Amino acid sequence: MGFNLSIGEFIGKAEKHWVSPQYPDLSQHNIGYFYACTLAKKVAEPLETEPMRWVSLETIEKKLFHEHHLYMLKKTLY
């Protein structure tokens, strides 16, 4: 992003257990820790080539890979 972040309040923790069709013999476990953050000082040009933009919750629902990320986002917004 090219910015330092100011890490604020801890929002919560969400987890997901699953078995991938690609690796059916392996159980996977993803743990997400979520914090409220604000942009601080710009320190560099972003490395990402895609532009950042605001999107609707409906768009996010279609794009997020992990359901527990969407769960935590909705919990935070509502």
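The following paragraphs describe the fold, the surface and selected side-chain contacts of a predicted model. Local features are reported at pLDDT of at least 70 and side-chain atom pairs at pLDDT 80 or more, whereas totals for chains, interfaces and linings use all residues. Residues are numbered from 1 along each chain as its sequence is written, and side-chain values use heavy atoms, with hydrogens and water left out.

The protein chain holds two helices and two strands, taken as DSSP runs (H or I, at least four residues, for helices; E, at least two, for strands) and numbered from the N terminus. In sequence order the pattern is β-β-α-α. The radius of gyration, taken over C-alpha atoms, is 16 Å, well over the 12 Å that the globule rule gives for 78 residues, so the chain is more spread out than a compact globule. That rule is 2.2 Å times the number of residues to the power 0.38. The C-alpha trace spans about 45 × 30 × 25 Å along its principal axes. Of the 78 residues, 17% count as buried, where buried means under 20% relative accessible area, exposed over 50% and partly exposed in between (1.4 Å probe, protein chains only). Contacts are heavy atoms within 4.5 Å; among those between residues at least 6 apart in sequence, 61% join residues at least 24 apart.

The structure holds four salt bridges, each a side-chain nitrogen of Lys or Arg within 4 Å of a carboxyl oxygen of Asp or Glu. One of them pairs Lys 16 with Glu 67, with 2.6 Å between the closest N and O atoms. This pair links distant parts of the chain, strand E1 and helix H2, across 51 residues. Lys 16 is buried, at 16% relative accessible area. Glu 61 is partly exposed at 35%, as is Lys 74 at 31%. Glu 45 and Lys 42 also form a salt bridge, at 3.3 Å; Glu 45 is exposed at 59%, while Lys 42 is partly exposed at 44%.

Ser 20 lies in the loop between strand E1 (3-19) and strand E2 (27-42) and is buried, with a relative accessible area of 12%. A polar atom of the Ser 20 side chain lies 3.1 Å from the backbone nitrogen of Gln 22. Beyond four places in sequence, Ser 20 touches Leu 26 and Gln 28. His 17, in strand E1, is exposed at 55%.

On the surface, Met 1, Leu 5, Ile 7, Phe 10, Ile 31, Tyr 33, Tyr 35, Leu 39 and Met 52 form a nonpolar patch with about 950 Å² of accessible area together. Areas come from the Shrake-Rupley method with a 1.4 Å probe. Patch residues have over 30% relative accessible area and no salt bridge, with nonpolar side chains joined within 5 Å. E2 gives the most, with four residues, including Leu 39, which is exposed at 51%.

Note on methods
Polar contact = N/O pair within 3.5 Å; in protein donor to acceptor, adjacent residues only side chain to side chain. Patch = residues over 30% accessible without salt bridge, like charges linked within 9 Å, V, L, I, M, F, W, Y side chains within 5 Å.
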